[in-house]
Amino acid sequence: QVQLSESGGRLVQAGGSLRLSCAVSGGTFTNYHMAWFRQAPGKEREFVAATNWSGSITRYRDSVKGRFTISRDNTENTAYLQMNTLKPEDTAVYYCTAGSSLSRPNDYWGQGTQVTVSS
């Protein structure tokens with residue numbers, strides 16, 4: 001059973017940076033494309049970023065392009081989301097996902113980590 005565990009979420013001031021981590025266990029890490037989703041209070045869950053099994057392909061939602069970077073370390077079975085120039089509208093629970101399809105890499109979900117950006 002594949003398990004995902006996120007960490008790194010906390011309260012940060014607008015303009016600051018955070019790096020979220022997602023440790024994956026119970027499967028072969030390189031079998032999975034990885035992604036991050038988020039859900040703000042009262043809003044639907046939305047896609048944030050994704051990367052393929054090797055990290056050579058990435059894609060982002062428009063609102064985070066140029067500020068967020070998704071990456072992965074296949075030797076550590078860990079995916080990351082580097083978030084810079086954070087804005088209050090980035091406040092959400094961030095979820096790490098893994099999947100066999102790059103277009104929908106969300107077969108497995110973590111429990112989420114809270115990111116709060118104060119103005």
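Student: Is Gln 39 buried, exposed or partly exposed, and what is its relative accessible area?
Tutor: Gln 39 is partly exposed, because its relative accessible area is 27%. The cut-offs are under 20% for buried and over 50% for exposed, with partly exposed in between (1.4 Å probe, protein chains only).

Student: Where do these values come from?
Tutor: This is a predicted model: local features need pLDDT of at least 70, side-chain atom pairs count only at pLDDT 80 or more, and totals for chains, interfaces and linings use all residues. Residues are numbered from 1 along each chain as its sequence is written, and side-chain values use heavy atoms, with hydrogens and water left out.

Student: Back to Gln 39. Which strand does it lie in?
Tutor: Gln 39 is part of strand β4, residues 33-39. Strands here are DSSP runs of E, at least two residues long; helices are runs of H or I, at least four; both are numbered from the N terminus.

Student: What is Gln 39 in contact with, leaving aside neighbours within four places in sequence?
Tutor: Glu 44, Arg 45, Ala 92, Val 93 and Tyr 95. Contact means heavy atoms within 4.5 Å.

Student: And how far is Gln 39 from Ser 71, by C-alpha atoms?
Tutor: Their C-alpha atoms are separated by 20 Å. Along the chain, Gln 39 and Ser 71 are 32 residues apart.

Student: Zoom out. How many helices and strands does the chain have?
Tutor: Zero helices and eleven strands.

Student: Which strand does β1 pair with, and in which sense?
Tutor: β1 (residues 3-7) is joined to β3 (residues 18-25) by five bridges, and the two run antiparallel. Two strands pair if DSSP finds at least two bridges between them. In that pairing, Ser 5 has Ala 23 of β3 as its bridge partner.

Student: What about β3 and β8, how many bridges there?
Tutor: Six, again in the antiparallel sense, with β8 covering residues 78-83. Arg 19 stands opposite Gln 82 of β8.

Student: New topic, the loops. Where is Asn 77 found?
Tutor: Asn 77 is in the loop between β7 (68-73) and β8. Its phi is positive, about 55°, although Asn 77 is not a glycine. Asn 77 is partly exposed, because its relative accessible area is 27%.

Student: And Thr 85, what is its phi?
Tutor: Thr 85 has a positive phi of about 45°, and it is not a glycine. Thr 85 lies in the loop between β8 and β9 (92-99). At 46% relative accessibility, Thr 85 is partly exposed.

Student: Is Glu 89 buried or exposed?
Tutor: Exposed, because its relative accessible area is 56%. Glu 89 is found in the loop between β8 and β9.

Student: What share of the 119 residues is buried?
Tutor: Buried residues make up 44%.

Student: Of contacts between residues at least 6 apart in sequence, what share joins residues at least 24 apart?
Tutor: That share is 55%.
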